[in-house]
Amino acid sequence: MSATETATRPRGRQFFANPGPTNIPDSVLRAVAHPTVDFQDAAFMEVYEACFAGLKRVLKTRQHLFMYTGSGHAAWEASLVNLFSPGDALLIPETGHFSVSWANMARDLGLEVREVGADWRQGLDMAALRAALAADKDRAIKAVCAVHNETSTGMALPLAEVRAALDATGHPALLLADTISSLGSIDFRMDDWGVDAAVGGSQKGLMLPTGMSFTGVSEKAMAAHADARLPKHYFNWTGMLARKQRSFIGTVPTGLFFGLRESLRLIEEEGLEQVFARHARLGEAVRRCVRHWSGNSGPQLFCTNPGRFSDSVTAVLMPEGFDCEAVRSTALNRFNVSLGAGLNKLAGRVFRIGHLGDLNEPMVLGTLAAVEMSLKLNGVPHAPGGVDAAMAFLAEGTTA
Ligand code: PLP
């Protein structure tokens, strides 16, 4: 169905269950709609500074922060061009579509990529990472680039263990972390975990429109930046530091800052730890539901490593011979529920239920109910009653 045909969709608010972009709270939408202001104004600078400080609290860093107008890809690129020189080697665990895409970007920029292979359903074997680092006797590897939450597979990577692998092998490489689908949903601690560059975007846990991204940067990374020779201009951190707004070589996206101030307010009002707990609860409810569906040879959790389940997205693997696009299409066109598609080699085989951002129990249950009905309407085998399993779990851990 084309965008112009959306008027034929059922009435009522769309349940947006993509793993990013995500639902935008009404108060954030209103804040983004702030009339234009001069981004040099002292009044706006206050908003800008408050956002900088708040974002650092969410990243759990006291170090540097640079922001960009552009989606997560912009922050990926900024992290690479600011830290490396042509031919530098990076070690990138291959955990799913997004790690592959970051690796491809690095190659296009003239960097050497050494991948550590991993089973996309099981995740990275830390012993393999340690072995790759230990084998790098001449310390050619300049950085490990790790995707904290693989949005394509629904699997989280324990960054503290990646840090431990670097420490155990005494390897001096920088640690770059993609927090695009984890920040503001899953615990992330830039300074405690010794992350040197933390890449994030506006449109997921921060509950904002797409269009702004950022990198938290450590002192160690700033030292590496001083020697980095890849060409850069718009993303150049040195250039940014020379400006009053320590980012944005061009016009500052003021509307997004008004929105960010509001989304940070919402996050801090709820409490960051409570935000993580809510995501963990809702994520577990979705997994209980999918596990139930997997009876009768139904769809199953793509991630087979329970220690690594993502609390922000669940990838659901269709039974052999059934196309997930039919299910996604019914969910969208019959029930107005938008699900994520399978990416890369998972296209057609996996659909994704996003459960991050501005979300509560009824929204998750409504989404799951629409998926269960879509499975039934498309003749996909499954054990009915997955939504009941989710409800039972959600009711268990709560009070009236
Ligand atoms: N990294 C991860 C983990 C993502 O989920 C995404 C997008 O979904 C990206 C990178 C790319 O970000 P963007 O689409 O904002 O450019």
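Guide: Let's start with the shell around the ligand: helix H3 (residues 72-83) gives the most to it, with three residues. Helices (H or I, at least four residues) and strands (E, at least two) are DSSP runs, numbered from the N terminus. This is a predicted model, where local features need pLDDT of at least 70, side-chain atom pairs count only at pLDDT 80 or more, and totals for chains, interfaces and linings use all residues. Residues are numbered from 1 along each chain as its sequence is written, and side-chain values use heavy atoms, with hydrogens and water left out.

Visitor: Which residues come nearest to the ligand?

Guide: "Near" here asks for a heavy atom within 4 Å. Of the 13 residues around the ligand, the nearest are Ser-71, His-73, Thr-151, Asp-178 and Lys-204. The shell splits into four nonpolar, seven polar and two charged residues.

Visitor: Which polar side-chain atoms lie 2.5 Å, 2.6 Å or 2.7 Å from an oxygen atom of the ligand?

Guide: A polar contact is a pair of N or O atoms within 3.5 Å. Thr-151 has a polar side-chain atom 2.5 Å from a ligand oxygen, Lys-204 has one at 2.6 Å, and Gln-203 has one at 2.7 Å. As for cover, the protein hides 89% of the 390 Å² of accessible area that the ligand has on its own (Shrake-Rupley, 1.4 Å probe).

Visitor: Where is Met-207 in the chain?

Guide: Look in the loop between strand E9 (197-201) and strand E10 (212-217). Met-207 has a positive phi of about 60 degrees, although it is not a glycine.

Visitor: Which residues does UniProt list for the domain?

Guide: An unreviewed UniProt entry lists residues 18-290 as "domain: Aminotransferase class V"; such annotations may be inferred rather than shown by experiment. That span is 44% helix and 16% strand, and its end C-alpha atoms lie 16 Å apart.

Definitions and conventions:
Polar contact = N/O pair within 3.5 Å; in protein donor to acceptor, adjacent residues only side chain to side chain. Nonpolar A, V, L, I, M, F, W, Y, C, P; charged D, E, K, R; others polar.
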